[in-house]
Amino acid sequence: MINVLILDLDDTLVDTTPLKPFREANQWRDIPSHLHNCRAHEGPLEVLRTARSVGMRAAIFTNAPSNYALSVLKYFGISVDHVVAYHDVGKRKHQREGLD
(Lines give C-alpha, C1' and ligand atoms only; values in the text may rest on other atoms or scores of the structure.)
Protein backbone atom coordinates (compact mmCIF):
# COMPACT_ATOMS: atom_id res chain seq x y z
CA MET A 1 0.00 0.00 0.00
CA ILE A 2 1.28 3.46 -0.88
CA ASN A 3 1.31 5.76 2.17
CA VAL A 4 3.33 8.76 0.96
CA LEU A 5 3.37 10.79 -2.23
CA ILE A 6 6.74 12.37 -3.11
CA LEU A 7 6.81 15.09 -5.75
CA ASP A 8 9.27 17.52 -7.23
CA LEU A 9 8.38 21.21 -7.02
CA ASP A 10 9.83 23.12 -9.98
CA ASP A 11 7.98 22.40 -13.21
CA THR A 12 6.12 19.48 -11.61
CA LEU A 13 3.72 21.14 -9.16
CA VAL A 14 4.42 24.70 -10.25
CA ASP A 15 5.60 26.12 -13.57
CA THR A 16 8.58 28.08 -12.29
CA THR A 17 10.11 28.71 -15.71
CA PRO A 18 9.94 32.52 -15.17
CA LEU A 19 12.16 32.08 -12.10
CA LYS A 20 14.91 30.18 -13.91
CA PRO A 21 17.18 33.23 -14.50
CA PHE A 22 17.00 34.10 -10.78
CA ARG A 23 17.67 30.49 -9.72
CA GLU A 24 20.62 30.12 -12.08
CA ALA A 25 22.12 33.41 -10.80
CA ASN A 26 21.53 32.37 -7.17
CA GLN A 27 19.33 35.44 -6.67
CA TRP A 28 17.07 33.62 -4.24
CA ARG A 29 16.02 36.79 -2.39
CA ASP A 30 14.56 38.28 -5.58
CA ILE A 31 12.29 35.32 -6.27
CA PRO A 32 9.32 36.11 -3.97
CA SER A 33 8.58 39.30 -5.91
CA HIS A 34 8.35 37.27 -9.13
CA LEU A 35 6.16 34.38 -7.99
CA HIS A 36 3.13 36.06 -9.58
CA ASN A 37 4.66 35.12 -12.96
CA CYS A 38 4.42 31.41 -12.14
CA ARG A 39 1.41 29.13 -12.27
CA ALA A 40 0.40 25.94 -10.55
CA HIS A 41 -0.02 22.78 -12.66
CA GLU A 42 -3.58 21.65 -11.97
CA GLY A 43 -3.08 17.95 -12.84
CA PRO A 44 -0.36 17.24 -10.29
CA LEU A 45 -2.10 19.45 -7.73
CA GLU A 46 -5.27 17.40 -8.14
CA VAL A 47 -3.27 14.21 -7.56
CA LEU A 48 -1.82 15.80 -4.42
CA ARG A 49 -5.26 16.91 -3.17
CA THR A 50 -6.73 13.46 -3.80
CA ALA A 51 -3.86 11.73 -2.01
CA ARG A 52 -4.22 14.05 0.98
CA SER A 53 -8.00 13.52 1.08
CA VAL A 54 -7.54 9.77 1.58
CA GLY A 55 -4.98 10.24 4.35
CA MET A 56 -1.73 9.92 2.43
CA ARG A 57 1.23 11.96 3.53
CA ALA A 58 2.90 14.20 0.98
CA ALA A 59 6.47 15.39 0.57
CA ILE A 60 8.47 17.60 -1.76
CA PHE A 61 11.92 16.41 -2.83
CA THR A 62 13.78 19.26 -4.56
CA ASN A 63 17.27 20.36 -5.51
CA ALA A 64 16.32 23.92 -4.53
CA PRO A 65 17.05 25.52 -1.15
CA SER A 66 14.35 25.02 1.47
CA ASN A 67 13.56 28.74 1.88
CA TYR A 68 12.81 28.95 -1.83
CA ALA A 69 10.71 25.77 -1.82
CA LEU A 70 8.74 26.88 1.23
CA SER A 71 8.06 30.31 -0.27
CA VAL A 72 6.72 28.76 -3.50
CA LEU A 73 4.54 26.31 -1.56
CA LYS A 74 3.19 29.10 0.65
CA TYR A 75 2.48 31.43 -2.28
CA PHE A 76 0.39 28.75 -4.01
CA GLY A 77 -1.22 27.44 -0.80
CA ILE A 78 0.24 23.96 -1.25
CA SER A 79 0.34 21.92 1.94
CA VAL A 80 2.79 19.04 2.41
CA ASP A 81 4.05 17.12 5.41
CA HIS A 82 7.73 17.39 4.66
CA VAL A 83 10.20 19.15 2.36
CA VAL A 84 13.57 17.61 1.52
CA ALA A 85 15.66 20.34 -0.07
CA TYR A 86 19.18 20.99 -1.32
CA HIS A 87 20.86 21.54 2.05
CA ASP A 88 19.04 18.65 3.74
CA VAL A 89 21.08 15.91 2.06
CA GLY A 90 24.66 15.32 0.97
CA LYS A 91 23.69 13.32 -2.11
CA ARG A 92 21.04 15.14 -4.07
CA LYS A 93 18.37 13.98 -6.47
CA HIS A 94 18.44 11.40 -8.03
CA GLN A 95 20.22 9.63 -5.20
CA ARG A 96 18.22 7.73 -2.55
CA GLU A 97 19.53 9.69 0.46
CA GLY A 98 16.62 12.14 0.47
CA LEU A 99 14.13 9.29 0.33
CA ASP A 100 15.41 7.23 3.23
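# A guided tour of the chain

Before you click, two ground rules. Residues are numbered from 1 along each chain as its sequence is written, and side-chain values use heavy atoms, with hydrogens and water left out. Because this is a predicted model, local features need pLDDT of at least 70 and side-chain atom pairs count only at pLDDT 80 or more, while totals for chains, interfaces and linings use all residues.

**Stop 1: the whole chain.** Show the surface first. The chain exposes about 6300 Å², and carbon and sulfur atoms supply 51% of that area (Shrake-Rupley method, 1.4 Å probe; for residues, only the protein chains shown count as cover). Of the 100 residues, 38% are buried, where buried means under 20% relative accessible area, exposed over 50%, and partly exposed in between (1.4 Å probe, protein chains only).

**Stop 2: helix H2.** Select residues 42-53. H2 has 12 residues and reaches 16 Å from its first C-alpha to its last, close to the 16 Å expected at 1.5 Å a residue (the expected span is 1.5 Å times one less than the number of residues). Which residues of H2 are buried? They are Leu45, Leu48 and Ala51. Seen down the axis of H2, these buried residues fall within an arc of 125°, so they line one face of the helix; the arc is that of the directions from the helix axis to the C-beta atoms. Just after H2, look at Gly55, which takes a positive phi of about 90°.

**Stop 3: the largest nonpolar core.** A nonpolar core is a set of buried Ala, Val, Leu, Ile, Met, Phe, Trp, Tyr and Cys residues joined through side-chain atoms within 4.5 Å. The largest one has 26 residues, and Leu9, Leu13, Leu48, Ile60, Ile78 and Val80 touch the most other members. S1, H2, S4 and H3 are the elements that give two or more residues to this core, and H3 supplies the largest share, four residues. Now center on Leu13. Leaving aside neighbours within four places in sequence, its contacts include Leu45, Leu48, Ile60 and Ile78.

**Stop 4: Thr16.** Move to the loop between strand S2 (14-15) and helix H1 (20-24), where Thr16 sits. Is Thr16 buried or exposed? Thr16 is buried, with a relative accessible area of 0%. Its side chain makes a polar contact with the side chain of Arg23 at 3.0 Å. Such a contact is a pair of N or O atoms within 3.5 Å; within protein, one must be able to donate a hydrogen and the other to accept it, and residues adjacent in sequence count only if both atoms are side-chain atoms. Leaving aside neighbours within four places in sequence, Thr16 is in contact with Asp10, Asp11, Arg23, Cys38 and Tyr68.

**Stop 5: Thr62 and Asn63.** Finish in the loop between S4 and helix H3 (66-76), which holds Thr62 and Asn63. Thr62 is buried, with a relative accessible area of 3%, whereas Asn63 is partly exposed at 35%. The side chain of Thr62 reaches the backbone nitrogen of Ala64 at 3.1 Å. For Asn63, select His87 as well: these two are 24 residues apart in sequence and 8.5 Å apart in space, C-alpha to C-alpha.

Methods: Contact = heavy atoms within 4.5 Å.
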